[in-house]
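Here are my notes on the structure you sent over. Have it open while you read, and check each point against the picture.

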Amino acid sequence: MKFRLALSLATASLWYRRKVLALVCLTLTLSVTLLLGVQYLRTEVKQSFTSTISDTDLIIGARSGQLNLLLYTVFHMGDATNNIRWSTFQALEKDARIDWLIPISLGDSYKGFRVVATDKAFKEYFRYGQGQPLKLAGGQWFDGIFDVVLGAGVARTLNHHLNDDVILSHGGGRTSFSNHKDTPFKVTGILEATGTPVDQAVYISLQGMEAIHVGWESGVAIPGRTLTPERAQARDLTPSAITAVFAGLDRKILTFRVQRDINQYAEEPLSAILPGVALSELWRLMSQFERALLGITGFVVVTSLIGLIAVLLTLQAQRAHEIAILRATGASPGLIASLYVIECLGLAVVACLTALVLSSLAISILGPWLLTNYGIQIQLRPLNLDEWVLLASVPLAALLVAFVPALSAWQKSRSQGFGSPEEL
Amino acid sequence: MLSRKRVVITIASALIGSPLMAADNPASHLHGQANLQLAFNDNRVDLLFESPAGNLLGFEHEPRTTEQQQTLDSVTSWLKATPLINTSESTCTVEAANVQHLGHDDGQAHAHTHGEEEHHADIEVTQVLVCSGLKQAVSLVTPISTRFSGVEHLTIEWVGPDGQGATRLEPGNQAFKLGR
């Protein structure tokens, strides 16, 4: 009965001061949204980083360190130490434990973006994120020798559309003076944004890569020896070497065994790396960055909670008049105290719920936009345990804060001597 | 100055040996460091643990005293019988285990220099474990770093249906998260 009375009195009081309270609630909501946002971003950055490549069990390249191999094949950073022979790729194809192989050949660029020569297996088997396949935003995957598919970032930055002509440059520089002018490529497809380095590359066939380098054996085009698109069609363009191979296995449990066999391959010195393991190592190198984000989250938590306390205390300080009237009409000190607690807790819970809804809406609306325009992948996901704890700390802090005015009001009410003697 | 004979031998060995030698570098041997590779499939774990023998035994030569022989025997039987990873509820049992002592005479990639008489040896352990509740396990524990104080850094790599990952356990740490 007393609780219902307290609840109805609290509701009436809240409704009476609704304009001020709406503003307070808005402040709290923004604090909680910021709190959740920073924490969410911290975990998402790591998630986005570690899901740059998925479902690929091994990356095979010339003998080198695992980070080097990962950086030049997946992140398109740095260069290959050596190539691997095409015969090695064919030998790998015969290995019954290997389900699929994606050959890649690097070395050229297009206005600063890497050119990746590969085959149809790339479109079919390459996965990122939680096993998401590559999708085309328009057009189709390359079929002809001089077809090119652009990553979403390349198409956006250079404002390319389907059927545009593209002239690739020899080597990796942004401003290369040796261009493959005799063999222009046609844009046949543009990939959907993935938020991974895939967006920042252009994709051609291995035959295309081979064709544009005929007559370039000395590093520059020798007039008369380069191929024309017509002559290229009639020529055998099987590559003699490729840069690396992505491999998927039938049985994941064999990964380490296949890795070991490849590392001991007698015909050629090779390195097989586990991309997930290499990514973990790379992230460990960048742990300073994660720690910085954790520090920012800590600051936001502390400031938000202090802000919350300040707002709630200010709010309660303005209620002296109302409380005096309630006491004069016979409200007990316990009832007055419970009014404070209900109000603070109610405000905090409403702020948390609104913040949850607001954050979810913001992520689901802004997520695709961020991915398309900035290549940042943030997906809506259920909160993890840490985030629930963080969220629960808000009503908990509010409850603790509520006890300060509640106790002081209870003490004041007793000393003022209102109410019946048995309540004191 | 090289003699003609030596030059001929060097060139000949380079020509004959290059394709095989290139793919057959000796494995690194770094005291204090050990590696653990785990492959998960349902409730089954295939694991491979590699460590310089010195980390586990305190010596890398053949046992010379009874005490050293006892140490070798007790470590070998411990490595055969104890699951090298376990769930937090200790549900793993060893289905099969093999402990190999691999000796090297020279040609090692050392992290530090040694006297000429020192030999190096590695211990390689393979185990097949069955652990109920492995699919639900978020973190696992390993008794290696507490059992062997010589293992200062333990690199753990894993593959499973949920992907791959790696971590590095510092001294005193037993548990690691699988990051699923």
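This is a predicted model: local features need pLDDT of at least 70, side-chain atom pairs count only at pLDDT 80 or more; totals for chains, interfaces and linings use all residues.

1. Residues are numbered from 1 along each chain as its sequence is written, and chains are lettered from A and ligands numbered from 1 in the order in which they are written.

2. Now look at where the chains meet: 17 residues of chain A are in contact with 19 residues of chain B (C-beta atoms, placed from the backbone, within 7 Å). On chain A's side, helix H9 (255–263) and helix H10 (275–285) are the elements giving two or more residues (helices are DSSP runs of H or I, at least four residues, and strands are runs of E, at least two, numbered from the N terminus). H10(A) gives the most, with five residues.

3. H10(A) also packs against helix H3 (residues 66–73) of chain A, at an angle of about 100° and with the axes 10 Å apart (axes are lines fitted to C-alpha atoms over the stretch in contact, and angles run from 0 to 180 degrees between N-to-C directions). The two helices are therefore roughly perpendicular (65 to 115 degrees). Here A:Gln66, A:Leu67 and A:Leu70 meet A:Pro275, A:Ala278, A:Leu279, A:Glu281 and A:Leu282.

4. Finally, chain B has four helices and eleven strands. Of its 180 residues, 27% count as buried (20 or more other C-beta atoms within 10 Å of a residue's own, all placed from the backbone).

Note on methods:
Two residues are in contact if their C-beta atoms, placed from the backbone, lie within 7 Å. A residue is buried if 20 or more other C-beta atoms lie within 10 Å of its own, exposed if 12 or fewer, and partly exposed in between; C-beta atoms are placed from the backbone. Angles under 35 degrees count as roughly parallel, over 145 as roughly antiparallel, 65 to 115 as roughly perpendicular and the rest as oblique.
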